[in-house]
Amino acid sequence: MRQRHFFYIPFADRRAFLVVLLVVAIAGGVIWLFDRNIAPTQNVVDSTDSIPSENMAEEVGNSHHTFIYDEGYDRVIELFAFDPNKADSTKLLRLGLSKFIVRNIYRFRNKGGVFRDKASFSRLYGLTEQEYRRLEPYIKISPEYQQAKPRYASNEYETFEQMQAEHQGDPTKHQPKLQQGQTIALNQSDTTAMKQVPGIGSYFAQKIVNYRERLGGFVSANQLAEIKNFPDDAIDYFRTDHQPVRQINVNKMTIDQMRRHPYITFSQAKAISDYRRLKGKIRSIEDLRLMKEFTADDILRLTPYLSY
């Protein structure tokens with residue numbers, strides 16, 4: 001008698017098992033086809049990738065909100081005045097901006113960003129040059145978002161921060177200014193006295209003192225024009241009184257020491273050093289005239305500051 005294998009399954013049982021598998025496969029296929037044929041009526045997008053609708057604009061910063069919008073509508077593009085700091089998604093979409101750009105605007109505003117002027121809007125990530133040029137005439141920044149203007153008219157400040165710094169606890173901010181014809185000593189005055197000059201505040205007063213130290217003193221009030229953005233009208237209020245200036249000995253100074261003077265460049269300091277090494281001491285300004293590194297103007301303004 002033939003012995004059956006331990007795992008032997010009768011033929012009838014195998015046939016029943018195959019029928020069950022076939023039924024399960026058919027049922028799974030029907031369910032899959034049924035799901036595919038159901039068209040969603042709305043597209044639900046998580047707030048991290050969504051554009052909020054108009055009535056939810058105030059809630060865009062809440063990461064728990066889900067926003068719903070229709071993907072299939074046809075937009076009519078219009079051009080009208082808008083403030084990118086205030087415009088909601090509906091207006092931004094009407095302007096023809098893509099959902100990607102509108103989403104970036106909201107993200108920028110949610111992080112505390114503010115469009116101070118039209119140029120700042122042009123730097124929006126994803127915005128093309130062509131889109132910006134199309135919208136630029138219609139961008140209107142509300143006054144509350146605009147940057148406070150520094151007083152460039154008087155050339156007293158280079159930045160708004162400089163203006164703020166002067167008027168925070170400065171006891172001289174109401175100090176009377178000099179009248180036309182009055183002057184102060186340029187080489188002896190401190191910053192408090194300098195701020196009596198019309199157009200001079202803390203910023204330029206400190207600039208004058210710093211430049212005076214670097215030069216070794218002023219030989220002419222016209223040297224003030226060498227300070228960046230210095231107000232020309234203020235120069236007439238300073239006098240030098242022919243005060244002696246601090247001189248530098250070109251025979252003893254190193255290259256680094258010489259180049260600290262505003263009127264001596266690195267190449268000129270090196271030329272002086274090479275001359276001393278090859279030809280000996282410099283006897284007068286005439287020796288500098290022999291060096292190609294020095295122009296006639298260089299010689300003229302350096303003369304009061306050199307000793308030998």
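Tutor: Let's start at Gly112, which sits just after helix H3 and takes a positive phi of about 95 degrees. Helices here are DSSP runs of H or I with at least four residues, strands are E runs of at least two, and both are numbered from the N terminus. Before going on, keep in mind that this is a predicted model: local features need pLDDT of at least 70, side-chain atom pairs count only at pLDDT 80 or more, and totals for chains, interfaces and linings use all residues. Residues are numbered from 1 along each chain as its sequence is written, and side-chain values use heavy atoms, with hydrogens and water left out.

Now step back into H3 itself. This helix covers residues 99-110, 12 residues in total, and reaches 16 Å from its first C-alpha to its last. That is close to the 16 Å expected at 1.5 Å a residue, where the expected span is 1.5 Å times one less than the number of residues. Several H3 residues are tucked away: Ile101, Val102, Arg103, Asn104, Ile105, Tyr106 and Arg109 are buried. Buried means under 20% relative accessible area, exposed means over 50%, and partly exposed is in between, using a 1.4 Å probe and protein chains only. What do the buried residues of H3 pack against? Their partners are helix H2 (89-94) and helix H4 (118-122).

H4 leads us on to a charged pair. Its Lys118 forms a salt bridge with Glu136, and the closest N and O atoms are 3.4 Å apart. (A salt bridge here is a side-chain nitrogen of Lys or Arg within 4 Å of a carboxyl oxygen of Asp or Glu.) The pair links distant parts of the chain, since Glu136 is in the loop between helix H5 (129-135) and helix H6 (160-166), 18 residues from Lys118. Both ends are partly exposed, Glu136 with a relative accessible area of 24% and Lys118 at 27%.

That's one of 8 salt bridges in the structure. Another joins Asp241 and Arg239, at 3.0 Å from N to O; Asp241 is partly exposed at 40%, and so is Arg239 at 33%.

H10 (266-279) has 14 residues and reaches 20 Å from its first C-alpha to its last, close to the 20 Å expected. Its buried residues are Gln268, Ala269, Ala271, Ile272, Ser273 and Tyr275, and what covers them includes helix H9 (255-259), H11 and H12.

What about the greasy parts? A nonpolar core is a set of buried Ala, Val, Leu, Ile, Met, Phe, Trp, Tyr and Cys residues joined through side-chain atoms within 4.5 Å. The largest one has 40 residues, and Ile208, Leu224, Phe230 and Phe238 touch the most other members. Helices H8 (202-215), H10, H11 (285-289) and H12 (296-302) each supply at least two of its residues, with the largest share, 6 residues, coming from H8. Leaving aside neighbours within four places in sequence, Leu224 is in contact (heavy atoms within 4.5 Å) with Leu186, Ile208, Phe218, Phe230, Ile235 and Phe238. Apart from this core lies another, of 19 residues, and Leu93, Phe115, Phe121 and Leu124 are among them.

To place all this in the whole: the protein has 12 helices and 6 strands, and 36% of its 308 residues count as buried.
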